[in-house]
Amino acid sequence: MKAKSIKVDYLARVEGEGGLYIKVKDHQVVDVKLKIFEPPRFFEAFLRGRSFREAPDITARICGICPVAYQMSAVHAMENAFDVKVDGQLRALRRLLYCGEWIESHALHIYMLHAPDFLGYADAIQMAKDHGDVVQQGLSLKKTGNELAALVGGREIHPINVRVGGFYKVPGKRELAPMAEKLKRARDVALETVRWTAKLPFPEFERDYLFVAMRHPDEYPFNEGHLVSNQGLDIAARDYEKHFAEEHVEHSHALHSVLRGAGPYFVGPMARYSLNFDRLSPQAQEAARQAGLGPVCRNPFQSIIVRSVETLYACDEALRIIDEYEMPEAPAVEVQPRAGSGFGWSEAPRGTLYHRYRLDDQGVILDAKIVPPTSQNQKVIEQDLREFVPERLDLPAEKLCWQCEQAIRNYDPCISCSTHFLKLEIDRE
Amino acid sequence: MAKKQKPKLAVWKFASCDGCQLSLLDCEDQLLPLTDRIDIANFPEASRAVVKGPYDLSLVEGSISTPHDAERIHQVRRASKFLVTIGACATAGGIQALRNFTDVKDFISIVYATPAYIDTLKKSTPIAEHIHVDFELRGCPINKEQLVEVVSAFLQGRKPNVRPHSVCMECKRRGAVCVMVAHGTPCLGPVTHAGCGAICPSYHRGCYGCFGPMETPNTRELSAAWERLGVKQKDLVQIYRSFNAYAEPFYSESRIHESKIH
């Protein structure tokens with residue numbers, strides 16, 4: 001009997017530490033394990049006893065790539081618990097900050113982490129030797145995203161300006177004006193990015209996914225909305241745990257999420273896009289059509305185009321917000337803590353990020369639960385590989401390994417986040 | 001004449017959020033020029049290509065929190081000529097060092113259904129507690145200009161120009177209003193290591209100490225000033241006990257206020 005294994009000990013160009021193990025027996029994939037050995041850091045444990053005010057700063061430290069997502073989900077959960085409504089320009093500024101993180105994170109993944117796979121380079125620096133202008137273009141886009149996040153948030157990694165109720169300080173309209181000029185250039189680059197990614201070579205691979213993402217009556221989702229699926233789910237944040245369960249498996253420090261009664265599901269740009277195409281700006285919709293994407297995308301390798309479309313949208317949306325901005329009278333609304341539970345979510349660049357807190361009457365955290373996007377995608381990634389590998393078993397080992405890595409990077413996994421959360425091994429028998 | 005080989009750079013990750021190593025990729029304008037002068041030989045977050053060691057410069061992110069990592073850091077040291085730790089996790093144990101004040105077993109059972117799958121150490125500790133470190137760069141996250149300065153200094157064979165004074169100095173230089181004097185907002189700036197550029201005070205917020213303690217901080221006097229502003233003992237414990245909780249001056253000061261609660 002011929003046995004073989006594919007192993008990637010330390011998966012590269014993902015955020016955090018993980019690997020892959022695939023076991024093949026008689027041309028059948030018998031086991032796929034996305035291994036996550038990122039050391040656990042126990043955020044949900046040490047949040048107990050801390051003040052609600054600290055939650056945005058502490059949970060930001062779960063992930064240096066998407067700290068804004070953690071801050072947003074945290075403040076929404078707290079405001080839900082205290083029945084505080086943040087709207088108007090303060091709400092718009094939160095959306096603007098989130099646009100900065102989406103542009104930065106998506107540009108990083110498109111140009112530096114994912115594109116090298118399609119073109120056969122080990123990294124963006126090697127790629128820059130032959131495609132210097134392309135990499136420069138990606139870096140300029142990324143830089144604009146960072147500058148926007150730093151302008152609203154104080155700094156791009158672990159912003160300091162976000163608080164429950166709003167911000168510590170809000171920018172004047174004139175402070176935002178120079179940013180608009182940069183965003184107009186970024187929008188041109190983002191449009192060019194959609195065109196460029198559309199020309200990359202894509203493996204034929206589609207699956208009938210269960211997509212889950214937020215949806216809002218008028219907007220492409222960042223901070224607010226119901227959670228919906230392409231199979232009829234439509235719930236508010238407080239009902240999340242009734243519908244979703246987390247399982248602890250031995251090969252992962254990241255808990256695996258499932259939709260009760262349905263199993264594994266897909267979160268992130270492709271799910272968001274497929275459930276919210278009609279909420280994109282007209283320019284982003286048109287760019288997607290020109291790139292050959294329908295209103296639903298089922299090829300995870302094409303997520304690189306979807307990310308580009310979302311980047312274009314984020315530039316459009318940021319420009320709209322800046323154009324309509326009027327400086328609010330106060331940087332935050334007043335918050336009075338009270339005992340109870342708060343539920344919140346938002347759309348991180350990688351997918352839906354859920355937070356739930358139970359608090360006492362002083363606003364001290366008694367209990368916390370955080371479900372990051374990558375832990376929700378673990379099972380879908382494993383399923384993708386079970387279908388992807390069998391048809392490619394005749395490839396040379398190194399090539400097969402690389403393609404498996406690429407299939408994982410389709411999800412832009414963030415392992416630091418999901419550990420509570422990657423290494424590749426393929427075992428052939 | 002043979003072409004001179006470029007020095008080799010490696011980036012290592014232990015328990016962390018990846019934010020400090022991301023700072024290197026966030027140097028958008030300097031990144032490609034930097035690669036003309038230094039070979040990025042081992043940086044898994046950015047590349048699947050690995051050039052074998054030894055490495056001329058290693059940047060280490062993250063704290064030691066598992067038995068495996070406690071072994072691995074020695075391998076990293078052996079493979080590195082010059083080793084720099086980057087960020088609060090690597091220099092002080094990070095936010096995950098909050099376990100050092102309690103029993104980690106309680107933490108595991110709060111987060112994980114099957115604690116037996118989890119292999120972790122009782123404490124999260126800074127890198128320098130395990131190996132010799134040549135230079136420590138502070139911050140949660142580090143400041144990317146300071147990171148470029150450290151790498152440039154290494155390439156030029158000089159000491160990095162990273163000042164150990166307090167955030168107050170940066171605040172004054174920036175011309176920001178003192179939030180503590182003018183608004184009575186408690187601020188950790190007087191005892192916190194410079195490097196961020198005094199961002200929080202310039203956003204009308206008190207410093208929360210993410211760069212850790214400065215050289216010889218007077219935490220006693222600052223705590224007394226906070227108490228005069230009406231800050232309670234239990235809140236003083238928490239303010240010192242965040243991203244640099246296990247850095248000695250903050251550790252001791254939080255213990256003092258903890259003892260006053262009971």
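Predicted model: local features only at pLDDT ≥ 70, side-chain atom pairs only at ≥ 80, totals over all residues.
Let's start where chain A and chain B touch. Chain B puts 48 residues into this contact and chain A puts in 45. On the chain B side, four helices each bring at least two residues: H1 (19-25), H2 (31-37), H5 (104-111) and H9 (199-202). The largest share of that side belongs to H1(B), with 5 residues. Sort the chain B side by class and you get 27 nonpolar, 12 polar and 9 charged residues.

Now stay with chain B and look inside it. Where they touch, domain 1 of chain B contributes 14 residues and domain 2 of chain B contributes 13. On the domain 1 side, helix H4 (residues 88-92) of chain B gives the most, with 3 residues. That side of domain 1 of chain B has 6 nonpolar, 7 polar and 1 charged residue.

Over to chain A and its helices. Two packed helices are described by the angle between their axes and the distance between the axes, so those are the things to look for here. Take helix H3 (residues 67-81) of chain A and helix H4 (residues 88-119) of chain A: their axes come within 9 Å and cross at roughly 150 degrees. With angles over 145 degrees counting as roughly antiparallel, that is how H3(A) sits against H4(A). The crossing of H3(A) and H4(A) is left-handed. From H3(A), the residues in the contact are A:Val68, A:Ala69 and A:Met72, and H4(A) answers with A:Arg94, A:Leu97, A:Tyr98 and A:Glu101. By class, this contact of H3(A) with H4(A) has 5 nonpolar residues, no polar ones and 2 charged.

Further along chain A there is another pair to look at. Helix H10 (residues 282-290) and helix H11 (residues 303-324) of chain A pack at an angle of about 160 degrees, with 9 Å between their axes. H10(A) and H11(A) are therefore roughly antiparallel as well. Which way does the crossing of H10(A) and H11(A) go, left-handed or right-handed? For H10(A) and H11(A), it is right-handed. H10(A) makes the contact through A:Gln283, A:Ala284, A:Ala287 and A:Ala288, while H11(A) uses A:Val309, A:Leu312, A:Tyr313 and A:Asp316. That contact of H10(A) with H11(A) comes out as 6 nonpolar, 1 polar and 1 charged residue.

Last stop: a sheet in chain A. Strands of a sheet pair through backbone hydrogen bonds, either parallel or antiparallel. In this open sheet of chain A, 3 strands line up in the order E6-E7-E8, and the pairing is antiparallel. Strands E6 (212-215) and E8 (234-235) of chain A stand at the edges with a single partner strand each, so one side of each has no neighbour in the sheet. E6(A) is joined to strand E7 (residues 226-229) of chain A by 4 bridges. Finally, helix H9 (residues 269-276) of chain A lies across E6 and E7 of chain A, running at about 50 degrees to E6(A).

How values were computed
Residues numbered from 1 in each chain as written. Chains lettered and ligands numbered in written order. Axes fitted to C-alpha atoms, helices over the stretch in contact; angles between N-to-C directions. Parallel < 35°, antiparallel > 145°, perpendicular 65-115°, else oblique. Left-handed = near helix turned anticlockwise from the far one by under 90°. Contact = placed C-beta atoms within 7 Å. Nonpolar A, V, L, I, M, F, W, Y, C, P; charged D, E, K, R; others polar. Pairing = 2+ DSSP bridges.
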